[in-house]
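This report covers a sheet with its packed helices, and then a set of salt bridges.

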Amino acid sequence: MKIKHLIVYYPSMERGGIENNLHTLINYFTKKNIKVTLISSKFIKKDVDLKLKKINFLRIRSKFNFLFVPHRLITALAGVRKLLEAFSYSKRNETVVLSMQSSMVSIIVSRICSFKVVARNSEDALSSTLYADNYVLAYTVFILRFFIYNLANGILTNSYGSKNSLNYFIIKKKKLKTIYNPYVRKIKNFNLNRSSRKNIILSVGRLTKQKDMGTLIKGFSIFSKINPSYKLIILGDGPDRKKLQQLTNHLNLKKKILFKGWVKNTNKYFKNAKIFVLTSLYEGLGNVLIDAVNYEVPCIYTDCKSGPREILLGKKGGYIIKLRDKYDLAKKINLVLNNYNDSKEKIKYAKKKINRFYFKRVCRQYLDYLNKILY
């Protein structure tokens with residue numbers, strides 16, 4: 001039996017790499033004559049034509065907003081009605097639910113209605129609990145995950161580190177499958193030349209606790225005292241932006257640290273940057289590092305338990321720093337600049353393996369896996 005209908009459950013649409021991955025997967029499946037139903041709070045039409053009969057968009061409209069209830073949970077619960085609506089015109093032996101977010105809700109509803117469901121886990125389950133913003137909610141989810149994830153027909157992870165973190169939850173290990181993100185559309189033919197790049201250190205990501213941009217700013221402050229000609233550019237937005245800007249002002253770095261927000265085209269920033277820095281406390285994979293590798297920008301990254309090490313092949317492809325260590329970051333920035341030829345060789349080594357994230361290859365793996373789920 002082959003899949004003919006894919007229901008994608010992603011209740012709270014967010015900016016970032018996941019959005020690009022989602023669009024890539026939807027385009028791929030529709031071109032394979034597979035009907036796709038997307039359930040989400042919004043849909044950005046980049047590269048996807050919603051007028052196509054193969055794509056059905058069920059928008060979640062939540063009229064409720066509770067002060068102490070996370071927005072994700074509200075949209076996830078509001079999405080149940082849309083999920084039931086999708087089931088009403090779907091055939092069980094031809095349909096799979098791919099849950100990209102809030103998977104515990106979709107797993108319960110899908111299994112009650114006897115539909116096959118695959119949950120995608122995009123982060124290290126243990127670290128995301130340890131470094132959560134809301135510890136009560138995080139530990140509640142941690143416990144519930146053990147009971148509910150085992151009900152899913154399959155669990156997809158976007159890195160082997162993420163898969164390893166789920167070994168504590170999943171009884172039948174055969175349910176776990178790692179498939180990387182379909183992130184790379186084109187492998188760049190790019191020659192790294194230090195002289196053509198500007199004195200820019202680049203970082204990209206949501207401005208949240210997870211990304212720990214505070215350590216990035218503090219580390220840059222230490223580095224900047226010795227190398228005042230460099231600027232730090234941060235692409236992205238989020239709830240911590242005001243706090244990070246206040247920290248920047250406090251360190252008298254307003255002219256040297258630029259917050260650009262979300263930008264449509266990041267190419268010019270990767271082309272101009274001499275160094276890319278990722279200071280995340282945890283990741284599932286870390287798509288922005290794939291961009292940096294593709295543009296051959298030497299990388300410094302935190303020693304997360306999943307994701308970055310796989311992209312950069314450990315120390316062979318980049319420079320590792322300790323979590324929340326501003327002094328180690330400043331030291332590594334100096335090390336990269338003082339040994340730039342070695343840094344170029346490291347990033348070129350990582351690029352040799354970048355085809356692991358090539359979209360056609362990965363999308364085929366998704367299709368093969370979902371077809372097996374129907375057997």
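## Terms and basis

Buried means under 20% relative accessible area, exposed means over 50%, and partly exposed lies in between (1.4 Å probe, protein chains only). The model is predicted: local features need pLDDT of at least 70, side-chain atom pairs count only at pLDDT 80 or more, and totals for chains, interfaces and linings use all residues. Residues are numbered from 1 along each chain as its sequence is written, and side-chain values use heavy atoms, leaving out hydrogens and water.

## Sheet and helices

Helices (H or I, at least four residues) and strands (E, at least two) are DSSP runs numbered from the N terminus; two strands pair if DSSP finds at least two bridges between them. Seen in order, β3-β2-β1-β4-β5-β6-β7 form an open sheet of 7 strands with parallel pairing. Its edge strands, pairing on one side only, are β3 (55–59) and β7 (176–178).

Helix α2 (residues 71–88) packs on the sheet and touches β1, β2, β3 and β4, where contact means heavy atoms within 4.5 Å.

## Salt bridges

A salt bridge is a side-chain nitrogen of Lys or Arg within 4 Å of a carboxyl oxygen of Asp or Glu. By this rule there are 7 salt bridges. One of them joins Lys332 to Asp328, with the closest N and O atoms 3.0 Å apart. These two residues are 4 apart in helix α12 (residues 326–338), about one helical turn. Lys332 is buried at 16% relative accessible area, and Asp328 is buried at 12%.

Lys351 and Glu296 form another salt bridge (3.1 Å, N to O). Lys351 lies in helix α13 and Glu296 in the loop between α10 and β12, so the pair ties together parts 55 residues apart in sequence.

Note on methods: Axes are lines fitted to C-alpha atoms, for helices over the stretch in contact, and angles run from 0 to 180 degrees between N-to-C directions.
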